[in-house]
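Subject: Structure handover and notes

Hello,

Here is the structure for your files. Please open it before reading the notes below.

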Amino acid sequence: MAALARFTFDLDLADRPVHAATAMPDLPPEPVGIPEDVVARLVREAREEGYAEGLMAGEGNSTSMASQTVAAAAGMLAAHAASMTAALDDARMENHVAAVDLAVSVGRKLAFHLINREPAGELEALIAECMPSLSGVPHLVIRCHPDLADQIRDIATAQIATSGYAGRLVVMGEPDIRLGDGRLEWVDGGLIRDTGALGTDIDETIANYLAAKANKTGSHHNKESGE
């Protein structure tokens, strides 16, 4: 068996020709230039595509903002409408109260005018009302303002004559009784004419009426506002 030859590094390749198979490969050819019109078209298409996408995004954003604005405006409008309705109802209620107060004031002035004109009128009506039921009563006491005592005595005497009342009549003038007011008293009953108490009853009735109307208006507001 032949002995292996040892590899040595004294081989000189300087003067040996390079074989084609081992030569360095050629560099790739320079790229061919793209025509300018093609480049311009591509740029234009890219711009148009970008513009379309931006426009769609902008429209979507604008639509969302418009919807939010409309919703906010609707809410504000509803709140203002409710406020205006409440203010209108309050104004109506104030006008109603003022009208009632005016009517009561006119009524009282008219009543006082009539009393001053015919101060014995109410007491005469009371006497006429109770006389038919006093046939068995032993005595009747009439209390009135001192300025009306004589006139009331004459009125009561005239009515007694036609009613069949056989009891005793007593008419007493008392300074603390208002002109036009008076009291009729007998053993088991009596009638009172008191303009002060009547005015208090009228005020209470009007106050209850206005309070009920105000509560009704308030309930109506609460139903409309959903409370």
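First, the ground rules. The model is predicted, so local features need pLDDT of at least 70 and side-chain atom pairs count only at pLDDT 80 or more, while totals for chains, interfaces and linings use all residues. Residues are numbered from 1 along each chain as its sequence is written, and side-chain values use heavy atoms, with hydrogens and water left out.

Fold

The chain has 4 helices and 4 strands. Helices (H or I, at least four residues) and strands (E, at least two) are DSSP runs, numbered from the N terminus. Read from that end, the order of the elements is α-α-β-α-β-β-β-α. Of the 227 residues in the chain, 19% are buried. Here buried means under 20% relative accessible area, exposed means over 50%, and partly exposed is in between, with a 1.4 Å probe and protein chains only. A contact is a pair of heavy atoms within 4.5 Å. Among contacts between residues at least 6 apart in sequence, 81% join residues at least 24 apart.

Cores

A nonpolar core is a set of buried Ala, Val, Leu, Ile, Met, Phe, Trp, Tyr and Cys residues joined through side-chain atoms within 4.5 Å. The largest one holds 21 residues, and those with the most contacts inside it are I127, L140, I142, I152 and L184. Two or more residues each come from α2 (121-130), β1 (139-144), α3 (149-163) and β3 (182-186). Helix α3 gives the largest share, 5 residues. There is also a second, separate core of 5 residues, which includes M93, V100, I206 and L210.

Leaving out residues up to four places away in sequence, L184 touches L123, L126, I127, C130, L140, V141, I142, G189, G190 and L191.

Two buried polar residues

Q159 sits in helix α3 and is buried at 16% relative accessible area. A polar atom of the Q159 side chain lies 3.0 Å from the backbone nitrogen of A128. Beyond four places in sequence, Q159 touches E124, I127, A128 and M131.

T195 lies in helix α4 (residues 195-225). With 14% relative accessibility, T195 also counts as buried. Its side chain makes a polar contact with the side chain of D181, at 3.2 Å. A polar contact is a pair of N or O atoms within 3.5 Å; within protein, one must be able to donate a hydrogen and the other to accept it, and residues adjacent in sequence count only if both atoms are side-chain atoms. Apart from neighbours within four places in sequence, T195 is in contact with I115, R178 and D181.

Largest pocket

On a 1 Å grid over the protein atoms alone, a pocket is an open set of points where a 1.4 Å probe fits, with protein on both sides within 12 Å along at least five of seven lines; lining residues have an atom within 4 Å of a point. The largest pocket contains about 260 Å³ of space, a volume being the space filled by probe spheres set on the points. Its lining has 13 residues, with R108, A111, L198, G199 and I202 nearest the centre. Helices α1 (36-117) and α4 each give two or more residues to this lining, and the largest share, 6 residues, comes from α1.

I202 lies in α4 and is partly exposed, with a relative accessible area of 35%. The C-alpha atoms of I202 and V104 are 8.7 Å apart, although 98 residues separate the two along the chain.

Regards
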